[in-house]
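Colleague: Could you take me through the sheets in this model? Please go one at a time.

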Amino acid sequence: MYRSILISPDAEVGGKLTAALEASAQVEIARTLDHYPSGVELIRTVRALAADVLFLDFGNLKKGLEIIHILEAEGSPLQIVGFDRTLDPAVLRETMRAGVREFLGEPFEARAVMETLASIQSQLDRRPAVYQSTNQIFTFLPSKAGVGTSTIAANVSAALAGRPNTHVLLADFDLSSGMMRFMLKLTNEFSVPDALERAADMDENLWPQLVTAIQGMDVLHAGRLNPSYRMDASQIGKLMAFMRRTYQALCFDLSGNLEKYSLELMQESKRILLVCTGEIPSLHLAREKMMFLKEQGLSARIAIVLNRMHKHPLFSKDQVEDLLGVPVVRVFANDYQAVNRAVETGKLLQTDSELGRSFAEFAAQLMDQPEVKADPAKRRFLEFLRPPAVGAAPRVVRPHQKELGPR
């Protein structure tokens with residue numbers, strides 16, 4: 001059974017065709033439009049529903065042909081079946097010129113309908129309806145709580161949305177301590193669990209009710225704290241497929257607890273951005289998570305983001321790369337005052353500020369950057385962070401190394 005959209009301003013003829021299609025038990029009519037939609041509405045509907053076939057009423061030949069031209073310009077994979085009250089030769093001629101190869105007329109007899117569906121099925125077997133799906137998916141993973149991951153995720157997402165033709169979704173998947181709702185002062189009562197529970201029925205009408213538009217991007221918050229919530233893998237898959245068809249970039253703010261669903265989101269990601277600060281606890285946990293993610297086959301997608309770096313840090317960027325074995329793709333300066341002011345007002349950082357410009361530069365870097373792999377031969381500079389093996393010789397601190405004891 002394949003999914004279809006039916007467009008017919010004529011309720012009577014549209015109803016008769018609907019009944020005939022339902023009787024065939026081969027077609028799911030996912031949406032019926034009682035008007036000829038605008039280009040934006042049409043494309044949004046087609047993408048959201050991932051339909052295979054469009055049944056298009058040519059009672060108004062001009063409007064019907066406009067729909068065809070919109071779909072051609074979009075490169076839509078839809079198979080199109082025209083229909084009308086009568087098989088007018090002039091209409092058939094014009095629609096054939098427009099590329100429509102199947103046409104039904106009243107009274108939509110069962111035999112004619114079944115022959116048309118068999119032809120459509122044959123075409124779909126040769127050329128399935130495949131929709132564009134973004135691979136620009138970025139997950140933001142904290143090494144530990146409080147390293148500023150949500151701030152980075154929100155501001156980088158907004159910077160991505162500021163790029164031309166880039167529709168962005170920021171989703172807060174930290175169900176144990178999600179901050180987006182608070183940070184951005186969101187009042188929408190719907191959240192990630194609501195989206196997951198409706199994933200099977202998600203469409204272009206329901207989705208806008210779940211998200212909030214802020215600075216050119218859509219935001220889906222985590223809702224009230226619900227650490228016991230369990231996400232079904234099939235729900236995640238359906239919701240992910242919908243989001244990938246709908247947006248040019250997806251940004252996910254994770255909890256850092258490495259839940260099963262978080263790992264599934266990371267498996268879908270182009271880049272996993274492990275956020276840490278220059279303090280020893282953060283670096284220690286970053287390395288622990290690196291080791292775990294490597295076991296999951298995700299190490300090639302991971303890059304480090306160093307946050308809140310001072311002018312004279314305890315460990316340099318090169319030393320952190322040496323410790324973690326993966327690139328530090330971005331270093332963000334410490335600017336507590338600017339971040340706190342933004343949180344107090346529920347806004348994002350100004351793009352003309354130093355930190356705001358840094359977020360914009362990083363957004364551009366993410367969209368254009370290919371995947372990088374860690375160099376296994378790179379020397380580990382900070383091996384002394386690891387506890388010595390039992391019976392190992394005492395550790396010697398070289399003059400160029402820094403002792404990690406109390407300062």
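**Strand pairing in the two sheets**

Modeller: This is a predicted model. In it, Phe138 has a bridge partner in S10, and that partner is Cys251.

Colleague: How many bridges join strand S6 to strand S10?

Modeller: S6 covers residues 137–142 and S10 covers residues 249–253. The two strands run parallel, and the number of bridges joining them is four.

Colleague: Which strands stand at the edges of the open sheet of eight strands?

Modeller: The order is S8-S9-S7-S10-S6-S11-S12-S13, with mixed pairing. Each edge strand has a single partner strand, so one side of each is left without a neighbour in the sheet. The edge strands are S8 (212–214) and S13 (328–333).

Colleague: What angle does helix H13 make with S13?

Modeller: Helix H13, residues 317–324, packs on this sheet and touches strand S12 (302–309) as well as S13. Between the direction of H13 and that of S13 the angle is about 135°.

Colleague: In the open sheet of five strands, what is the twist from one strand to the next?

Modeller: The strand order there is S2-S1-S3-S4-S5, and the pairing is parallel. S2 (27–33) and S5 (102–105) are its edge strands, each pairing on one side only. From one strand to the next, the twist averages 25°.

Technical notes:
Residues are numbered from 1 along each chain as its sequence is written. This is a predicted model: local features need pLDDT of at least 70, side-chain atom pairs count only at pLDDT 80 or more; totals for chains, interfaces and linings use all residues. Side-chain values use heavy atoms; hydrogens and water are left out. Two strands pair if DSSP finds at least two bridges between them. Contact means heavy atoms within 4.5 Å. Axes are lines fitted to C-alpha atoms, for helices over the stretch in contact, and angles run from 0 to 180 degrees between N-to-C directions.
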